[in-house]
Amino acid sequence: EHMLKKTTLKNTSQQLIPWSRNFTGVNTSTINDKSITSGVWRRVPDSKNIIEIIELPIGIWTTDYKEYLIKLIRKTAEAKAATKGKASTNTESSAASSTSKTKDIFIKGFTEHHGTDTVHFYVELNIKKFAVKKSLIEAESKAIDKLLKLDRHILTSNMHAFSHEGNIVRYASPVDIMNEFYPIRLELYHT
């Protein structure tokens, strides 16, 4: 009944937020028929530079994410090799860059410990020790978020699904899908 009221109102201020079974990440809805689905990472307790990724965004496969992490490690190795080459030719510029106060965070390596229904990466970062001050923790967390790319935007205004008659139909919103299937489901519950 609550969903019927929600769906019969054309201009509702509440938006439907995507849901997926067994997803432990965060789904947030935004304006313009978009939703953001976020994976989850956390610092490993008793570790100075290891984090664990325990959830990927909806629609990101474990093997694809593993390939992304491998690409990050390769880019880091290539950048280090390029920096070493430049350092041997120009020691003054490398000394200036090493004294920079902002240090980029990058991945040194990772291990996998997935279950059949769970994602579990341990990722080693180049950080010597995690930040302790609150302001530094926030900045460090933002940098790690940016590196890991655990947010994915989902567009909910252009969806295709089978209609109740078995035809593929384009739906402009989740509410359109509910409007089509709600009476059919309701009738099934009453029989």
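A residue is called exposed when its relative accessible area is over 50%, and buried when that area is under 20%. These terms will be applied to a predicted model.

Begin with the whole protein chain, coloured by secondary structure. The chain holds five helices and nine strands, and from the N terminus on their order is α-β-β-β-β-α-α-β-β-α-β-β-β-α. Of its 191 residues, 27% count as buried.

Next, select N22, in the loop between α1 (2–8) and β1 (26–29). Most residues other than glycine have a negative phi. N22, although not a glycine, has a positive phi of about 65 degrees. Its relative accessibility is 63%, so N22 counts as exposed.

Continue to S47, which lies in the loop between β3 (40–43) and β4 (50–55). Is S47 buried or exposed? S47 is buried, because its relative accessible area is 19%. Display the side chain of S47 as well: this side chain reaches the backbone nitrogen of N49 at 3.4 Å.

Now select helix α2 (residues 62–89), where R74 is found. With a relative accessible area of 53%, R74 is exposed.

K149 is found in the loop between α4 (134–148) and β7 (151–155). Its relative accessibility of 56% is why K149 counts as exposed. The phi of K149 is positive, near 50 degrees, in a residue other than glycine.

Technical notes: Residues numbered from 1 in each chain as written. Predicted model: local features only at pLDDT ≥ 70, side-chain atom pairs only at ≥ 80, totals over all residues. Heavy atoms only, no water. Helix = DSSP H or I, 4+ residues; strand = E, 2+ residues; numbered from the N terminus. Buried < 20%, exposed > 50% of the residue type's maximum accessible area, 1.4 Å probe, protein only. Polar contact = N/O pair within 3.5 Å; in protein donor to acceptor, adjacent residues only side chain to side chain.
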